[in-house]
Amino acid sequence: MTGSIQTLPTEVVNLIAAGEVIDSLAAVVRELVENALDAGATRIAVAVWFDLWRVRVADNGTGMDLTDLQQAASPHSTSKIQSRDDLYKITSLGFRGEALHSIAALAELEICSRLTGFEGWRCTYNTQGEAEDTEAVAIAPGTVVTVSNLFGKWRLRRQGLPSRSQQQRIIQATIQNIALCHPSVTWQVQQSDRSWFTISPGKTAQQIIPQLLKQVRVHDLQQLTLDVPTPDQGNKGTQETKEFTYNSTPKTRHGASLHLVLGLPDRCHRRRPDWVKVATNGRLVRSPELEQTILTAMAKTLPRDRYPICFLHLQICPSQIDWNRHPAKAEIYLHSLSYWQEQISQAIEQALRIGAENFDTASQSHRVGKLLTASAKKGVYHLDESPKPERNPSDIGLIELKAVAQVHKMYILAEHDTGMWLIEQHIAHERVLYEQLCDRWQLVPLEPPVILNHLTPVQLEQLQRIGLEIEPFGDQMWAVRNAPALLHQRDDCADALLELSLGGDLQNAQVATACRSAIRNGTPLTLEQMQTLLNQWKMTRHPRTCPHGRPIYLPLEESALARFFRRHWVIGKSHGI
């Protein structure tokens, strides 16, 4: 029997390879947009015609001269790497040199490009990526790539693609994810010659996210940028690394920068973990370990079954990244992973604290202002809605909360130099106790032991899981020999232990213990007691919400009070004089 294994013809090999790189209209958009960003573009226009299987991407990047333009679609042609060593220090979005060549094999490809100060040129290419028709054209500096009749010779490939609506969502998500990583770029996207969506540039991703999530405002987000030393491969310290750049953005000589944009848990969150996004060096990637680090760091700050809004962008030395985890570079692995996880956890903790560097109540003041405006419109007088200069959060200085009064034996009224806050005493104390329990889960002996009745095997297992010593004490009776320190002197210790037996891990047991031990609403407090609680609460790691995800405080700025009491009015005019 003769062998049946044969070497594929070159043209078949090329088509298979092209189909692996370009598998959809979204892949065409992604590859062309990444090329535009690598060329330093700050304005990118994308147009898609689904019925014609056509994509056009125009940018204001550096452009190409005629020699480069004629070579652009050749196989494995790129300006981004030149030697084997370059593969280990990639800082560009593209580097394989196969995108344009693959597109030429699967569609009709036309490129117009012009370098600043030089003549513009237009080229069309055959299926081998060779330049055919070439002519001079008058265009602005930059590049315009038009891809038409994608998969025109592969009709079965078109039939296997998702529906048009699904392709629209994929393309939109592709552009939005890239925009998060490159906030300074202006995006104009059209569909069938009609405007589809636009994304305005911003200084950071904090200005981009509200354009993508309409229910989120800029002041619902907290951003933080930190310089992070690059660890050595053994994670025993730091090492000096060569300065590297990405997209004309210099990095620190000591390694990396960590940029974090976090939805404040008392203001915004999601029903699914679909907005926990990680990027490295300008590219959104999958990193299950880092994503789980974010979810863990945000645990017990959000309501039950809710997930954070978080965008993390690591700009680090390429030597720290292993791109071989996924052929399309969609998933990465970081060397010294535990080091990066620790840095991310600390950054999230810092972002959630209330301090001068991230103190921002503009969102709450905005909400209060809307209520005041609505109220004023019902009366004779109207508020002066002329724009006021915004208070710079950096001018607030160190926050000194002074307890003033207790309201309804439930809320602490505290003043500071820019307004006042209402703090709910029970959940503020719950946050304090919970973090103390997390830091020191201390079990103390019970003398005499607490006797519990009619425990199920599941309840017994749960009490043992969280470290309690329990033994039979008669028919359907058990003696509990120790308990959390916060509970052992309480009259309702038995009830609390029954509550702990009903399920959950150690963390949930700590939440339940903190909730039961916290000051109850309706409990009168002295000014000294209120001040002590405020001081303790301010220093917690996650002061914005309780472990169940409820907001702890409501800020009211002096500017909102001034508007309500109309202190900007001229008295004579208010009397009609």
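Across which strands does helix α2 (residues 25–38) lie, and at about what angle does the helix run to β2? Please describe the sheet to which these strands belong, and then turn to other parts of the model.

Reply: The model is a predicted one, in which local features need pLDDT of at least 70 and side-chain atom pairs count only at pLDDT 80 or more, while totals for chains, interfaces and linings use all residues. Residues are numbered from 1 along each chain as its sequence is written, and side-chain values use heavy atoms, with hydrogens and water left out.

Helix α2 lies across β1 (43–49), β2 (54–59), β6 (142–148) and β7 (186–191), and runs at about 15° to β2. Helices (H or I, at least four residues) and strands (E, at least two) are DSSP runs, numbered from the N terminus. Axes are lines fitted to C-alpha atoms, for helices over the stretch in contact, and angles run from 0 to 180 degrees between N-to-C directions. Contact means heavy atoms within 4.5 Å.

The sheet is open and has eight strands in the order β5-β4-β3-β6-β2-β1-β7-β8, with mixed pairing. Because β5 (131–137) and β8 (194–199) stand at the edges with a single partner strand each, one side of each is left without a neighbour in the sheet. From one strand to the next, the twist averages 15°. Two strands pair if DSSP finds at least two bridges between them. Strands of a sheet pair through backbone hydrogen bonds, either parallel or antiparallel.

Within this sheet, β3 (residues 108–114) and β4 (residues 120–125) run antiparallel and are joined by five bridges. Two residues can be followed across to β4: the bridge partner of S113 is W121, and that of I111 is C123. The two strands form a hairpin with five residues between them, and G117 in the turn has a positive phi of about 90°. β3 also pairs with β6, in the antiparallel sense and over seven bridges; here E110 has T146 as its bridge partner in β6.

Helix α4 (residues 99–106) is mostly covered, with eight of its eight residues buried. Buried means under 20% relative accessible area, exposed over 50%, and partly exposed in between (1.4 Å probe, protein chains only). Among the buried residues of α4 are H101 and S102.

A second open sheet has three strands in the order β21-β23-β22, with antiparallel pairing. Its edge strands, β21 (443–453) and β22 (470–474), each pair on one side only. Neighbouring strands of this sheet are turned by 30° against each other on average, direction ignored. Seven bridges connect β21 with β23 (residues 477–484) in the antiparallel sense, and V444 stands opposite A483 in β23. Helix α13 (residues 493–500) lies across β21 and β23, at about 80° to β21.

One further strand, β13 (residues 276–280), contains V276. V276 counts as buried because its relative accessibility is 10%. Although V276 and E291 are 15 residues apart in sequence, their C-alpha atoms are 6.4 Å apart in space. Leaving aside neighbours within four places in sequence, V276 is in contact with residues including E291, I294 and P308.

For the protein as a whole, there are 17 helices and 24 strands, and 46% of the 577 residues count as buried. Of the contacts with a separation of 6 or more, 69% are between residues 24 or more positions apart.
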